[in-house]
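Take a look at the fold below.

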Amino acid sequence: MNKLLQDDLKNLELLLESIKIQGIDYLNELNDRYTSCNLVVKPTDKLTETGLGGLETLNLFNEKFEPLMVASSGPRYWGFVTGGSTPASIMGDMLATFYDQNTQALKGQGDISASIENETIQLLLDLFGLPTDFLGGFVTGATMSNFTCLGVGRQWIGRQLGKDYAKEGLSGAIKILSAVPHSSVVKSLSMLGIGSNNFDKVNVLKGNREAIDIEDLETRIKALNGQPFILIANAGTVNTVDFDDFKAIAQLKAKYNFWLHIDAAFGGFAACSPKYRSLLSGWEVADSITIDCHKWLNVPYESAFFLIKETHRVLQSETYQNSNAPYLGDPLTNFNYLNFLPENSRRLKALPAWFTLNAYGKNGYSDIVENSVELAKQFGTYIQNSSNFELLAPVRLNNVCFTLKGEEQQGSVSKFLQLLNETGKVFMTPTVYQGKNGIRAAFVNWRTSKQDIELVIKEMEGLFI
Ligand SMILES: *Cc1c(COP(=O)(O)O)cnc(C)c1O
């Protein structure tokens, strides 16, 4: 064995103890650590001949990169929709690394990790109040989840038209409708060979809404004359957290032949609280659903899952079948994740979610969701009453979309955001909504408190003195 590997093996306890202490220190100072950092490091292009060993490598990391690590899992990182990590999810994530399993077959091929994944999906279905006729799996993020679901939707269209697109490739026959698709959905269309330009924009409802205008949708459906299509609906748009009317869509689904995909990356978590659950009424008729775990479930990146109706199991295995490996058996009788989603080798992705679900239960998640929404509303009220800012949309759930007050301030929005982020006390992201430059603050982190809102308001006010 290589000498350095031998030494590290001997010192395993010391090495892991060092990173454990460092990790705990980081978590304990999350409240005070800066939320942004402008410094950059010049990348090295030379690998050492002999290697440094684990401990020296940790020292190198600590010199070079550690000081630049921002508090992105802390309470005032409000950019994108970045969740934190619950204590139990970190436990699961670290164990997933230690155990280093390859999560594939459900039974008979070595390890238990696929059963853990399957059980975690059942727990999630229960958390979201969804029926058990979905088949789910873990992928890296909502992007891959959307991709996975739309891949089977594409196969479904092929089936309607007597084609097997997974085998034969596309022939320009895919029809997509959507109102405000997330950028990652459009990216999926490109990756799937459907083409990112190849969707028709359905109108949204009037009056500061991002939800599908059902009447316009039905007109467009009728114009298709029975041609099968995929409807990509939203449970929580990123700017204003608007929800499509799933009950109305369910009624259309009973009348017309289409695949319903719901991007519920973070909005799906409304189902965890009795207060907000009705936003999702009717979503169980979906053919496929995307939900992110590294957002509101508060597990470490990278974690998301997809749900696809079990009735589509054949289509799903046609799409993702690892068909050149006959030793893996018939995908329908011998369940193996590698025949049901894009990746083959996969770590024990479900374990952080399994840990946090069991640790905090349904009440834990309704508390997290309700707390986030309450804080968003509190911050929204501040914006609404401020002489410096204005809301770009009502605070519907957990995002606050706002801008500087007054048309004449439009040119100053990005400079303001830059100065605000440079305080290092908070991080928000820019957006454009209805042609206006805006700022988005997303509340999903379990640690965020009233005190954080007050602290950020003080920083924002400070920039006007
Ligand atoms: C975040 C998000 C995505 C993309 O998710 P990743 O986890 O970044 O891949 C897709 N759709 C919606 C609505 C999102 O909020």
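Start with two terms. Helices (H or I, at least four residues) and strands (E, at least two) are DSSP runs, numbered from the N terminus. Two strands pair if DSSP finds at least two bridges between them. Strands of a sheet pair through backbone hydrogen bonds, either parallel or antiparallel.

A word on the source. This is a predicted model, in which local features need pLDDT of at least 70, side-chain atom pairs count only at pLDDT 80 or more, and totals for chains, interfaces and linings use all residues. Residues are numbered from 1 along each chain as its sequence is written, and side-chain values use heavy atoms, with hydrogens and water left out.

Move to strand 5, residues 258–263. F258, L260 and I262 point one way from strand 5. W259, H261 and D263 point the other way, and all are buried.

What joins strand 5 to strand 4? The two run parallel, and 6 bridges link them. Strand 4 covers residues 229–234. In these bridges, N234 partners D263 of strand 5, and I232 stands opposite H261. Strand 5 also runs parallel to strand 6 (residues 288–292), with 3 bridges between them. There, I262 has I289 as its bridge partner.

Strand 4 is mostly covered too: 6 of its 6 residues are buried. F229, L231 and A233 point one way from strand 4, while I230, I232 and N234 point the other. Strand 2 (residues 176–178) runs parallel to strand 4, joined by 3 bridges. I176 stands opposite I230 in strand 4, and L177 stands opposite L231.

Strand 4, helix 10 (residues 246–255) and strand 5 make a right-handed β-α-β unit. Right-handed means that, with the strands pointing away from the viewer, the path from the first strand over the helix to the second runs clockwise.

Next, the surface. M1, L5, L9, L12, L16, I19, M94, F98 and Y99 form a nonpolar patch, with about 920 Å² of accessible area together. Such a patch takes nonpolar side chains (Val, Leu, Ile, Met, Phe, Trp, Tyr) joined within 5 Å, from residues with over 30% relative accessible area and no salt bridge. A salt bridge is a side-chain nitrogen of Lys or Arg within 4 Å of a carboxyl oxygen of Asp or Glu. Areas come from the Shrake-Rupley method with a 1.4 Å probe. Helix 1 (3–10), helix 2 (12–28) and helix 4 (87–99) each supply at least two residues of the patch. L9 lies in helix 1. L9 is exposed, with a relative accessible area of 52%.

Last, the cysteines. How many disulfides are there? A disulfide is a pair of cysteine sulfur atoms within 2.5 Å. By this rule the count is 0. C272 is in no disulfide; its nearest cysteine sulfur, that of C293, is 10 Å away. C272 is buried, with a relative accessible area of 5%. C37 is partly exposed, at 28%.

Definitions and conventions:
Buried < 20%, exposed > 50% of the residue type's maximum accessible area, 1.4 Å probe, protein only. Patch = residues over 30% accessible without salt bridge, like charges linked within 9 Å, V, L, I, M, F, W, Y side chains within 5 Å.
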